[in-house]
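Here is a short walk through one model, written for someone who would rather look at side chains than read a table. Keep the viewer open as you go.

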Amino acid sequence: MGSTQFGNFNNFCRDSTLPVCNLFSPWRERPENLFGQLQGYGRCELLGIGLSRGRHLGNLGSILIAFIAICVAILLIQRADRKQAAVGRREFQLFLVGYIIIEICEIFTVGGLPMGSPLQQRVVLGFTAVHLGAIVATLWVLMLNGIVGFQLLDDGTPLSLGLILLSAAALFIGTGYIALDTAFSYSGHFDSSMRGDHRNIGLYVLYQLAPLVFLAAFFVLETVLVLKVLGEKKPMLYLIGAALLFALGQIFQYVISTHICSGTNGRINGAMFETLFTLLAVVMTWVFWSSITEDDWPMPVTGGTYTS
């Protein structure tokens, strides 16, 4: 696999502002710059807003939208709490809590805050490990929410919540450890990812591929639930809308970002838009979930115990 691009992060870090890019080596040569395209991967550097003493606040837009996203997620948790009879209420709230953790970390990992001291840089690397682990674990929880709707286990019970939390914790700890080991070289196993194309198979599979699998599985599960179990079509508009919004955010992050950066002389890039469209996708996912947990949905006569 040495001749393939599988596992390589260099091109991603060159063109996008990703939290995983904080873990790799170029920032050590330019310690004042620690975020995504500020790391010296080539092409456009995200400079953002100039501050005193030559410092920059790289990604103010993402910081502001992340703060808004935290507030919105808290509001959605409160709204979900009012739906006492909703299937998967507690499980969906777990997903929203994970999303809040992601957005808190995003402020520090891709926000482009000026960092000068070694301690500040180590804190950012710690937040990066939490960020990556939270992304994987949260999307795993979302996928399991797709299973909860089929009522294979009673939702909201200690067993249901415990299985979700324990499995998500395993993914969080595993991903977080690989990220920390990469950043701080505890074992030396990932030292090679600091050079060349920044190949790190573990993080590539967990951070780049696994979340896509979880999202695709959630989409398929919910499609089956809505069309086959509930016999409805309208909720699919919300689900498809959420998928399109998320995909649009990824396009801004991975494809358009470098062009926005070049066109604005490094003032902004696609990261801000990725944060925005991800927020909109989460809101639309909540709308979808809310729409399939209304009291007037028909109950299946056989083959399941789905209730509202």
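What follows covers the ground rules, a helix, some charged pairs, a surface patch and a few loop residues.

## Ground rules

This is a predicted model, so local features need pLDDT of at least 70 and side-chain atom pairs count only at pLDDT 80 or more, while totals for chains, interfaces and linings use all residues. Residues are numbered from 1 along each chain as its sequence is written, and side-chain values use heavy atoms, with hydrogens and water left out.

## Helix 9 and its tryptophans

Start with helix 9, residues 271–291.

The structure holds 14 aromatic pairs. Rings of Phe, Tyr and Trp (its six-membered ring) pair if their centres lie within 6.5 Å; planes under 30 degrees apart are stacked, over 60 edge-to-face, and the rest tilted. Trp286 and Trp289 make a tilted pair, because their ring centres are 6.3 Å apart and their planes sit at 55 degrees. Both are in helix 9, three residues apart, or about one turn. Trp286 is buried at 8%, and Trp289 is buried too, at 6%. Lys83 lies over the face of Trp289, 5.9 Å from the ring centre; the rule asks for NZ of Lys or CZ of Arg within 6 Å of the centre and within 35 degrees of the ring normal. Elsewhere, Phe6, Phe9, Phe12, Phe24, Tyr204 and Tyr254 form one aromatic cluster.

## Salt bridges

Side chains of opposite charge can pair when their charged atoms come close. The cut-off for a salt bridge is a side-chain nitrogen of Lys or Arg within 4 Å of a carboxyl oxygen of Asp or Glu, and the count comes to three.

Asp81, Arg89 and Arg90 are linked in a network. Asp81 meets Arg90 at 2.7 Å, N to O, and Arg89 at 3.1 Å. Arg89 is buried at 11%, whereas Asp81 is partly exposed at 31% and Arg90 is partly exposed at 35%. Another salt bridge joins Asp15 and Arg14 at 3.0 Å, with Asp15 buried at 12% and Arg14 partly exposed at 23%.

## Loops worth a click

Ser185 has a positive phi of about 55 degrees although it is not a glycine. Ser185 sits in the loop between helix 6 (158–184) and helix 7 (201–230) and is partly exposed at 31%. Asn265 likewise has a positive phi, near 55 degrees. Asn265 is in the loop between helix 8 (234–263) and helix 9, and is exposed at 62%.

Where is Gln151? Gln151 lies in the loop between helix 5 and helix 6, buried at 11%. Gln151 and Val87 are 64 residues apart in sequence, yet their C-alpha atoms are 8.2 Å apart in space.

Note on methods: Helices (H or I, at least four residues) and strands (E, at least two) are DSSP runs, numbered from the N terminus. Buried means under 20% relative accessible area, exposed over 50%, partly exposed in between (1.4 Å probe, protein chains only).
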